[in-house]
Structure formats: C-alpha cells, structure tokens
Amino acid sequence: MRGSSPKAVKAIPTARSTSPIKLRLAGPITHDSIVDGDGLRAVVFFQGCGRKCEGCHNPESWDFNSGIEVDTNYVKSKLLGLRGQNGLTLSGGEPMWQAEAALEIARFAKEEMGWDVWAFSGFRHDDIKAGRDRATPAMWELVKELDVLIDGPFILKKRDLTLKFRGSKNQRLLRLDNGKIVSIE
Ligand code: SF4
C-alpha cells in the first residue's frame, strides 16, 4: 500500500501569497462534476500517488514525474473562468503530496470563489493530524482548510458500489471544521 516518497514539502504559503507554486496535474481541470462531492464541482486532479492500491481506478496518476506541470496561478485562472460551480474537489493521484499548492488553491477557492472544498486522500485524517504515515505539517494545514475529507486508501476487498462518493467501506466522508471532525458518513 505504500510506495516511494516524493520530494519533501517546503514552506506553507499564506492566504495572501501571490508567488505561484508549481504542481503536477494528472489531467485537465474538470467542471460540472456530480460524482466528486455535493452539487456541481470543479475538480483538480493531482499527479502522483505512492500507495498503488489494488483496483485503483486511476493508476496512470501514480507516477510523480508524469502528468502536466503547471503553477497555482494557472489553476486559479482556470477556476476563475468557471461558472455555476458549488465547490472545488481536490483529487488525484494524491493531493496531499502537493499540499503546498493544494492549500493555496483551496484558500483561493474559498476566499475568492466562495466555494466549499473537498479532498480525496489515501491518508487517514488521524494519521495526518499525528504526522504518521509520512504525513507532513503542510498536509494538516490543508486539512484545516477543507470542508470535507474523504480519507483512506481504496481497498478492493472492501469495495462497496453503494457508497456515495467512496469506493470501499474503510473510506470515510468526514465533514470538518478547521480540521476537527464534525460528522462521519
Ligand atoms: S490512494 Fe487513491 S489514487 Fe492512490 S493508489 Fe489508492 S486508489 Fe489510487
């Protein structure tokens, strides 16, 4: 379930940061999604995931050196051009490994677009909070910005096609307030 670690995460940007941060996307930014969270959503797919879950629906997103290199200004400009969206979903791949960039994008979506922000992650909330499973402080800063975290890796033996927004029973839909879990679905 665990693969190689990508580069270490550096400084955490502030909400007012204007310096673009480079990131790698697994594909184009999409919109009008109804399967990545409540309402109509823009979705940013981050390239890179080391977990290599059996049955992963998106193995081409695993390679940390593949995908498309852009910067956060590019993502913001794309989001600004979207209309009629309720929120932003950070997906992948694994958005946590690019937490600096994801944090800046999440703050922009909330403060400038007025959207809620969801994220899918193979990391568990408690591991990120405790710094376990190679979690970094930047990942926890990102979690504190999220409205919803769907956490945990996909486990093929626990697959359940009836679950909303999740693939396996171990994955939890956590509604958050400043990182604190307020409900679990
Ligand atoms: S954590 Fe998600 S993206 Fe990564 S291998 Fe598992 S299912 Fe695929």
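**Talking through the predicted model**

Biologist: Which residues does Leu142 touch, not counting residues up to four places away in sequence?
Modeller: Keep in mind that this is a predicted model. Contact here takes C-beta atoms within 7 Å. Leaving out residues up to four places away in sequence, Leu142 touches Met96, Ala99, Ala102, Leu103 and Ala106.

Biologist: Why do the buried residues of helix 1 line one face of the helix?
Modeller: Helix 1 covers residues 72-80, and its buried residues are Thr72, Val75 and Leu79. In an α-helix there are 3.6 residues a turn, so residues three or four places apart point the same way. On the other side of helix 1, Ser77 and Leu80 are exposed. The buried ones line one face because, seen down the helix axis, they fall within an arc of 60 degrees.

Biologist: What do those buried residues of helix 1 pack against?
Modeller: Thr72, Val75 and Leu79 are the ones to follow here. Their partners are strand 1 (22-25), strand 3 (41-46), strand 4 (68-71), strand 5 (87-92) and helix 2.

Biologist: Which peptide bond is cis, with omega near 5 degrees?
Modeller: Most peptide bonds are trans. To find this one, look at Gly93, in the loop between strand 5 and helix 2. The cis bond, with omega near 5 degrees, runs from Gly92 to Gly93.

Biologist: Is Phe165, with its positive phi, buried or partly exposed?
Modeller: Phi of Phe165 is near 65 degrees, and the residue is not a glycine. Phe165 sits in the loop between strand 7 (148-151) and strand 8 (172-177). Buried would take 20 or more other C-beta atoms within 10 Å. Phe165 has 16 such neighbours, so the call is partly exposed.

Biologist: How many residues surround the ligand?
Modeller: The closest are Cys49, Cys53, Cys56, Gly122 and Phe154. By type, the shell divides into 5 nonpolar, 5 polar and 3 charged residues. The total around the ligand is 13.

Biologist: Over which residues does pLDDT stay under 50?
Modeller: The protein chain averages a pLDDT of 92, and 90% of the residues score at least 70. One stretch, with 30 contacts beyond four places in sequence, stays under 50: residues 1-17.

Definitions and conventions. Residues are numbered from 1 along each chain as its sequence is written. This is a predicted model: local features need pLDDT of at least 70, side-chain atom pairs count only at pLDDT 80 or more; totals for chains, interfaces and linings use all residues. Two residues are in contact if their C-beta atoms, placed from the backbone, lie within 7 Å. A residue is near a molecule or strand if its C-beta atom, placed from the backbone, lies within 6 Å of it. Ala, Val, Leu, Ile, Met, Phe, Trp, Tyr, Cys and Pro count as nonpolar, Asp, Glu, Lys and Arg as charged, and the others, Gly among them, as polar. pLDDT is the predictor's confidence in each residue, from 0 to 100. A residue is buried if 20 or more other C-beta atoms lie within 10 Å of its own, exposed if 12 or fewer, and partly exposed in between; C-beta atoms are placed from the backbone. Helices (H or I, at least four residues) and strands (E, at least two) are DSSP runs, numbered from the N terminus. The arc is that of the directions from the helix axis to the C-beta atoms.
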